[in-house]
Amino acid sequence: MLEVRDLEASYGDLRALGGVTLTVGAGEIVALLGPNGAGKSTLLKSIAGLLRPRAGSIRWEGDNLGALGAHQIVERGLALVPEGRRLFGSMTVAENLELGAFAPRARALQAQSLDRVYALFPVLRDRRGQVVRSLSGGQQQMVAVGRALMSAPRLLMLDEPSLGIAPRLVSAIFASLVEINRAGVGVFLVEQNVHAALSLAHRAYVLEGGRIVGEGAAAALLEDPHVRQAYLGPLAVRA
Amino acid sequence: MSAPGARSERRWAVGILAGLGALAFLPLLVRRDDVLNFVFLVLLSITLAQSWNIVAGYAGQVNLGHAAFFGLGALVARTLWIRGTPILLAMIAGAAVATAFALVIGAPAFRLRGAYFAIGTLALGEILRNTVSNVLPEISTLPAASIAGYRLTHRYYLALALAALSVLAVAALAGSRTGLGMQAIREDEEAAEASGVGALRLKLTALALSTGLAGLAGGLFGYYHISYYPAHAFSPTWTFDALLMTFIGGVGTLHGPVLGAVLYIVLKEYLAVQWVDFHLLIFGALFIAIVLLLPGGLVQAAARGRELLARRPRG
Amino acid sequence: MRILAQQLILGLMLGGLYGLAAAGLSLVFGVLKVLNVAHGELIMLGGYAAFFVVALLGLDPFASLLLVLPLSLLLGVVLYAVLFGFVVRAHEETRIKNSLLIGFGLALALHALAVRLWTADERSIITPYGGSVLRVGGLSIPLMRVLILALAFALIGALHLLLTRWRWGKAIRATAEDWEAALLSGIDVRRAYLLAFALGTALAGAAGTLVAIGYSVSPSIGLEWTLKALIVVVLAGLGSMIGTFVGGLVLGAAEALSAYAFGGPYREVVGLAIFVVVLVARPRGLFGR
């Protein structure tokens, strides 16, 4: 259970988040929508520990994450698949996945996690000796998701997983998210492809200008006029 | 630079120049050569430090090949002077050669940023030192007539003039548009470029000024020594000395390098008795402390101290 | 012709040592983005450590590595904890500049300390089998230098294995590539930094030992070796230890060739000149891929 309360964050003098409050319950799929520059990535990075918030609190299963380093947050069961995948390009698929299980708790579960990842993404098993840099965008995204899964998370966060990936692979990845969720892992998804995100999620929040401007059940938001106009209207149609 | 900062710098400039002016009377009061030699060293160091300060403090680049310009100035000036050129002309020629060399390597060198510029200039300096050491390995000694006519006071007054010149140059630079442009580059080069500051031209200007002064200092060095190894003037020790003095005193300020130079030479001469390089151990450690904790050097420390004292009456 | 071949062989053997010297610098620079210009002084200290280990304990010079390596490792841990651990708190560009300055201060302090403790005299480790020479195809190859080259290669090989097989070795490589992604994988990046720095210092110590055995040490060799290491790193680029070793060999060969062509004294200049040219040709620095 993730609880973010009144979170404020800045890049230098630039205020990126101005008081964000949201929750992600155990086993839920929650989407975070909003235009570019709204602060969605900043929010995820703050939760993951890559950014120190200026104010507010982040609680995970009751504990305050504020003082922890990013690697410690991974140990607690929160994993982030960052925007742009950020893989270790010179290393193989297997090595990338192996490194995902570096944290102590994850290390104990490494073998099972690896089996699960290969079951979810069979193409990775075939290419496990291949250097990641030479994979396609979609395959790299699978490695990125797989790497995060190797840390045996209870909450998986993803920052724009569909960016720059062929539609066929996007649906495959989204399908895998459903399966991951079914296994009991919560999903917190930042996604440009609003339609796909809302079809997948139970609930969603809308972030604009560093603040939450809307929230609700995914189905309800699909009908919401503001959302429809801003993100689902004819000009906002995504491939 | 904020207005109060500029005003206090101007006060410092006046103070230092007054001090230098007072020193002009020293040879009349004191006949001892060792005292004059000591003050000469301090004055030479002030010039050296200020010259390095121009590129580091005002244009924000760490030039680790500074000794090359000092050495070129020394080499050219001494060669010309021994052949009969009047010393002032010879020194100016030395500075000109140093500056010319700087401008030739400057444009390609400034394509490097930060640390790469530093190690690149270090390598260049070493190339020069190596070459000179191979081409001119023998010691250079003044002809007997020059030794007989050697006047320490001439060197002394030249050193005084040079030190004053370096302080004036930095003072003029700090207040000028050129100087402000340079400082903008030091703070944030990309932003400065975007707002119309021609970065390369300014950096080259700073380099020219810096190496010209260094060349003059080198010429003075060549004039001062009765005998020396030409390659010695190219030794990286001169660069490192300048770096230490400037950083410890306060890089980018007017009076910092002066303070640093005085402190450095005093400690060096005073501690050299027991342990030749002891001053380097102290300054090395001090330098690290300053980089980590107090980038503004002693000048910043003094400013903080004054702040603390100023707060007391209200507390 | 024979003289050229002779010079080349000797140059290559020295080059192996250049490669080893560069490996430590390359590792630290690649992982921590820290340019430790006191690296040469660490090599110097390693040489003195080996000298005294042999002089006081009577060990075989090559066996002294067994003591110098852990000692250097420890020194690396201390230097990181006390000094460079603070430098890595800044972001990359400030970090490189600060580390350069701090390395400079450290180099001066270590040099002064060495002069005080051991005087400016050169020290060399003398061995009973030191004078042996192998005769191969009309060439005379000092046995010592062969052993040194072999050891340098072995150490680089060991490093390569460490970085590719050891869990923390992979973590170090991951950190070098993308430290934020490494954090997100659960890697304690600060510990990776510490390990990399300690390893780098250990490599410097090993290089110093071999220098003391095959050549000589004095407090002033620091700057010289730092420059050699820098030249090789710029030549070979970052990321491959084997590549760095080869870069060292190339530098050694280049020096030998230039000494043959232009005479001994200009040996040093060719390396420095290559360095400057490569640096300027790649102004984005060593991280631009």
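Residues are numbered from 1 along each chain as its sequence is written, while chains are lettered from A and ligands numbered from 1 in the order in which they are written. In this predicted model, local features need pLDDT of at least 70 and side-chain atom pairs count only at pLDDT 80 or more, whereas totals for chains, interfaces and linings use all residues.

**View 1. An open, antiparallel sheet of four strands in chain A has the order 2-1-4-5.** Strands (E, at least two residues) and helices (H or I, at least four) are DSSP runs numbered from the N terminus, and two strands pair if DSSP finds at least two bridges between them. Strands of a sheet pair through backbone hydrogen bonds, either parallel or antiparallel. The edges are strand 2 (14-24) and strand 5 (63-64) of chain A, each pairing on one side only.

**View 2. Strand 1 and strand 2 of chain A form a hairpin with two residues between them.** A:Gly12, in the turn, has a positive phi of about 60°. Eight bridges hold the antiparallel pairing of strand 1 of chain A with strand 2 of chain A. A:Glu8 has A:Gly18 as its bridge partner in strand 2 of chain A.

**View 3. Strand 4 (residues 55-60) of chain A pairs with strand 5 of chain A.** This antiparallel pairing has two bridges; in strand 5 of chain A, A:Asn64 is the bridge partner of A:Arg59. Strand 4 of chain A is also joined to strand 1 (residues 2-11) of chain A, by five bridges in the antiparallel sense. Here A:Glu8 has A:Ala55 as its bridge partner in strand 4 of chain A.

**View 4. Helix 3 (residues 93-100) of chain A is mostly covered.** Six of its eight residues are buried, that is, 20 or more other C-beta atoms, placed from the backbone, lie within 10 Å of the residue's own. The buried residues are A:Val93, A:Asn96, A:Leu97, A:Glu98, A:Leu99 and A:Gly100. Their cover includes helix 5 (110-120), helix 6 (122-126) and helix 7 (137-149) of chain A, together with helix 6 (167-177) of chain C.

**View 5. Chain A touches chain C through 20 residues of chain A and 14 residues of chain C.** Two residues are in contact if their C-beta atoms, placed from the backbone, lie within 7 Å. On the side of chain A, helix 2 (70-76) and helix 3 are the elements that give two or more residues. Helix 2 of chain A has the largest share, four residues. This side of chain A has eleven nonpolar, five polar and four charged residues; Ala, Val, Leu, Ile, Met, Phe, Trp, Tyr, Cys and Pro count as nonpolar, Asp, Glu, Lys and Arg as charged, and the others, Gly among them, as polar.

**View 6. Chains B and C share the most contacts of the two pairs of chains in contact.** Chain B brings 31 residues and chain C 34 residues. Helix 6 (114-135), helix 12 (236-249) and helix 14 (278-293) of chain B are the elements giving two or more residues to the side of chain B. Helix 6 of chain B gives the most, 13 residues. By class, this side of chain B has 22 nonpolar, six polar and three charged residues. No contact joins chain A and chain B, and their closest C-alpha atoms are 15 Å apart.

How values were computed:
A residue is buried if 20 or more other C-beta atoms lie within 10 Å of its own, exposed if 12 or fewer, and partly exposed in between; C-beta atoms are placed from the backbone.
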